[in-house]
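Welcome, and do keep the structure open as you read. This briefing walks through a few parts of it, topic by topic.

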Amino acid sequence: MRVLLATDGSKCSEEAAGILARLPHRDELELTIATAVAPPSAAFFSPTKEFMEQLADDDRKYAEAHQLKMRELFSGANASVNTVILEGPPQEAIIECAKTHDIELIVMGAKGHSQVDRILLGSTSDYVATHAHCSVLVVRPGESRESHPMLRVAIAYDASVASQYSVEELLRFDWGANTELVVAGVAGYSPIFDPEYGFNPKSIRKEAEDALRQAVEHLQPKVHHVDSRLIEYDHVAEGLVRFTEDEEIDLLVIGDTGRSTLARALLGSVSRFVLRHAQCGVWVTRNRRRADSPGERHDQSDTKAGAN
């Protein structure tokens, strides 16, 4: 699996690296550790060429030292590691780097840090997660949870192609006995009538229950601890966020474009809302079709995850 670890020296990016290092992958990781060095803007008190060059040089040295530290996390792991220094606005540089290296998963922290305290408007992680062509795992600073020593992972599932692919991508990693996996489905009882389906709470609940049962049956032979949870909430995305808080979920996996009957009344993007409001890590999965076999991965996700 080709993974891009975007790091900037912040505590959050270090935690992102730590999460990636602990993911139990079956196959060798082709890991690229990337740090974006933004061109320094001119300082009004010293707009000299020498000053600007020194800032850029300091940033590059800081980035290289931090990358060396991140590289050591994967010492002895089943991973081939290379490092790269990117230039330009971080969010654009990361996305371009992911395309260049045909990355399948970008891993990054939710909050960044610049050595010289230059402030970037907007959220780099939010931009990358929204615009990247591949899946993106955004890690937030964690808290020690003595009551739940195991890693608690939830996957949002509604039987859509997007959520089916989430299951497929999740199973690329070998989740062991120290992971609790919960398949979460939301019965969104929004009082908005659909011309085809209508507002029928019993039917909505049954659809959610059927989807959860299918997912659990598919996952049980391959995951040590798997359970399901039906969330009844009028707002699908908010229901997922509240669920992660109540259940102290460490990582939520969600497809980028799930729009089944359960979510068709929801305005806006469920994955984007969850990404911006959840306090846990969020893994936004995207189904990428390969140029050499168009539709192959799409068809496989429908067959594998949707089977009873």
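Contact here means that heavy atoms lie within 4.5 Å. With that in mind, S271 is in contact with I254, G255 and D256, leaving aside its neighbours within four places in sequence. Please remember throughout that this is a predicted model.

**Around S271 and helix α4**
- S271 is found in helix α8, which spans residues 270-277.
- At 3% relative accessibility, S271 counts as buried, because the cut-off for buried is under 20%.
- Helix α4 (residues 124-131) has S125, D126, V128 and A129 as its buried residues.
- These residues cover an arc of only 165 degrees around the axis, so they sit on the same side of α4.

- Strand β2 (residues 29-37) is mostly covered, with seven of its nine residues buried.
- On one count of pairing, β2 and strand β1 (residues 2-6) run in the parallel sense over five bridges.
- R2 has E30 in β2 as its bridge partner.
- β2 also pairs with strand β3 (residues 79-87) in the parallel sense, over nine bridges.
- Here I33 has T83 in β3 as its bridge partner.
- A right-handed β-α-β unit is made by β1, helix α1 (residues 11-22) and β2.

**Nonpolar cores**
- How many residues does the largest nonpolar core have? The number is 41, and the residues with the most contacts inside this core are L4, I94, I106, V128, L240, I254 and V274.
- Leaving aside its neighbours within four places in sequence, L4 is in contact with T32, A34, I94, C97, A98, I103, L105, I106 and V107.
- Another core, of 38 residues, lies apart from the largest one, and M1, L20, L212 and L251 are among its residues.
- In soluble globular proteins, nonpolar side chains tend to be buried together.

- V183 has its place in strand β7.
- Is V183 buried or exposed? V183 counts as buried, because its relative accessibility is 0%.
- V183 and Y157 are 26 residues apart in sequence, yet their C-alpha atoms are 6.5 Å apart in space.
- Leaving aside its neighbours within four places in sequence, V183 is in contact with I155, Y157, L212, A215, V216, L219, V226, D227, S228 and R229.

**Aromatic pairs**
- The structure holds two aromatic pairs.
- F173 and W175 form a tilted pair, 6.2 Å centre to centre and with 45 degrees between the planes.
- The rings of F173 and W283 have centres 5.6 Å apart and planes at 80 degrees, so this pair is edge-to-face.
- What does the pair of F173 and W283 tie together? F173 lies in the loop between α5 (161-170) and β7 (179-187), while W283 lies in strand β10 (residues 281-285), so the pair joins parts that are 110 residues apart in sequence.
- F173 and W175 are both buried, and W283 is buried too.
- Ring pairs link F173, W175 and W283 into a cluster.

Technical notes. Residues numbered from 1 in each chain as written. Predicted model: local features only at pLDDT ≥ 70, side-chain atom pairs only at ≥ 80, totals over all residues. Heavy atoms only, no water. Phe/Tyr/Trp six-rings, centres within 6.5 Å; stacked < 30°, edge-to-face > 60°. Buried < 20%, exposed > 50% of the residue type's maximum accessible area, 1.4 Å probe, protein only. Helix = DSSP H or I, 4+ residues; strand = E, 2+ residues; numbered from the N terminus. Core = buried A, V, L, I, M, F, W, Y, C linked by side-chain atoms within 4.5 Å. Pairing = 2+ DSSP bridges. Right-handed = clockwise from strand over helix to strand, strands pointing away. Arc of directions from axis to C-beta.
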